[in-house]
Amino acid sequence: MSKHFGTDGFRGEANVDLTVEHAFLVGRYLGWHYGQDGHPCRVVIGKDTRRSSYMFEYSLVAGLTASGADVSLMHVTTTPSVSYVTRTDDFDCGIMISASHNPFYDNGIKVLNGNGEKLEQEVIDRIEDYLDGRMEELPLAKKEKVGQATDYSCGRNRYIGYLISIPTRSFKGKKVGLDCSNGSAFAIAKSVFDALGADTYVIHNKPDGTNINMDCGSTHIEHLRKFVVENGLDVGFAYDGDADRCIAVDENGRIVDGDLILYVCGLYMKEHGMLDTNTVVTTIMSNIGLYKALDIAGIRYTKTQVGDKYVYENMAENGHCLGGEQSGHVIFSKYATTGDGILTSLKLMEVMIEKKESLGQLIRPVEIFPQLLKNVRVGDKAGTLADPGVKAAIEAAEESLGTDGRILVRESGTEPVIRVMAEAKTDEICREKVDGILAAIEAGGHTEA
């Protein structure tokens, strides 16, 4: 793991872990790196609705233009839209300013290569060297070679048009609820569903800079569940702050997470000859119930470490066309190179309409095992997992479950957090195993407030 960049960019509390000086230096390096062949580097930038996104945008622009790069500004938009525009409009790289599902006071810098994919590790390593003073100072652009920044709102509009073009059937007559998490989706999602003919009902679409992800969106799905049931809607979709993930709610208020989405879409694609390699890419967090259902359907699967970056790398390397995470990052490689929450909701709508079944009916064959995930903030993630007492607690929990469940304890790639997950036949067993491991972490003196 890099010092500054995690699995999804450079993320931390604004003006604490991630400062405007960091953003300026990232811009300086990227502008120089992509401009070395003599042509001015072209970069497109988007941002979410956090108050601090504006100051990071200005700092990145300053660094990029000081290195001679020309910058196109999409303003408030989604991560998938930046990815789409980067690869279709011939930009050298794209930058999204967002901390995804984190609280408003955090922020992040996600960098995409010219193909709209997560940035290569070797380039990240060189950015880290520059940030930490292990490189010589980079030359500044002079005179007419200083870069310029221009408005590129048209990029967001083109992305909206692209999404509208994907479904082959009208959504007319479908009552759809959208939870925009007071984030990037507020400017896009309703426009797409309205254009496709849906009766669209929207909540949490009034961002004020500090309410992004606050008791709303894909990490607080209970509000959408209630909204769908009380209003008699056919389906609901909740996005996170930058709209690269989607969690759905069926007509009965049942949560349809990334695992269930992969099953519904994977089975539909197999039935229609669209599931290349007959394989779905998952992560180690996916539920045992998904794998049992895929086995019955005759669909193969493979597992990667947590992070849609790793899911996409596996898909690209092996020619798979569908993959994702339980958390709602779902990648349809025919249409996108990153997780795309709005696209995911459109693909689910396609299955519902084509098969003339409700979402509740579509997920019925999958029996999900109870699963409990708890996070604990620690001072030293690696040190916590190396503690003999913690290791013993994990081994004891695994041994007691046998083949009737599993334990997964891992470091967060974006936060100072250890994630402890148990999967078992009952909620009570899950709680017992997770709490036992958390008690061992606390007994070892690793926890932080």
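**Largest cavity.** I looked up which elements each supply at least two residues of the lining of the largest cavity, and found S1 and S6, where strands are DSSP runs (E) of at least two residues and helices are runs (H or I) of at least four, numbered from the N terminus. This is a predicted model, so I note that local features need pLDDT of at least 70 and side-chain atom pairs count only at pLDDT 80 or more, while totals for chains, interfaces and linings use all residues. Residues are numbered from 1 along each chain as its sequence is written, and side-chain values use heavy atoms, with hydrogens and water left out.

The largest cavity has a volume of about 80 Å³, and a search of the whole structure gives four cavities of 30 Å³ or more. Among the residues that line the largest cavity I noted Phe-5, Gly-6, Lys-110, Val-111 and Lys-309. On a 1 Å grid over the protein atoms alone, a cavity is a set of points where a 1.4 Å probe fits but cannot get out, a pocket is an open set with protein on both sides within 12 Å along at least five of seven lines, and lining residues have an atom within 4 Å of a point. Grid points are joined across faces, edges and corners, and a volume is the space filled by probe spheres set on the points.

**Largest pocket.** I then turned to the largest pocket, which holds about 1,400 Å³ of space and is lined by 48 residues, with Arg-245, Met-285, Gln-326, Ser-327 and Leu-373 lying nearest its centre. The largest share of this lining, five residues, comes from S17; helix H7 (222-230) and helix H10 (308-318) are among the elements that each supply at least two residues.

**Gly-94.** This residue lies in strand S5 and is buried, with a relative accessible area of 0%; buried means under 20%, exposed over 50%, and partly exposed in between, with a 1.4 Å probe and protein chains only. I listed its contacts (heavy atoms within 4.5 Å): Gly-94 touches Val-44, Val-82, Thr-86, Lys-110, Val-111 and Leu-112, not counting residues up to four places away in sequence.

**Aromatic rings.** I found 10 aromatic pairs in the structure. One of them joins Phe-91 and Tyr-152 edge-to-face, at 5.5 Å centre to centre and 90 degrees between the planes. Rings of Phe, Tyr and Trp (its six-membered ring) pair if their centres lie within 6.5 Å, and planes under 30 degrees apart count as stacked, over 60 as edge-to-face and the rest as tilted. Phe-91 counts as buried because its relative accessibility is 4%, and Tyr-152 likewise counts as buried at 16%. The charged end of Arg-42 sits over the ring of Phe-91, 4.1 Å from its centre, the rule being NZ of Lys or CZ of Arg within 6 Å of the ring centre and within 35 degrees of the ring normal. I also noted one aromatic cluster formed by Tyr-29, Trp-32 and Tyr-130.

**Helix H1.** I checked the span of helix H1 (residues 20-33): at 1.5 Å a residue its 14 residues should span 20 Å, and its end C-alpha atoms are 20 Å apart, which agrees; the expected span is 1.5 Å times one less than the number of residues. Among the buried residues of H1 are His-22, Val-26 and Tyr-29, and what covers the buried residues of H1 includes helix H2 (53-66) and helix H4 (121-131).
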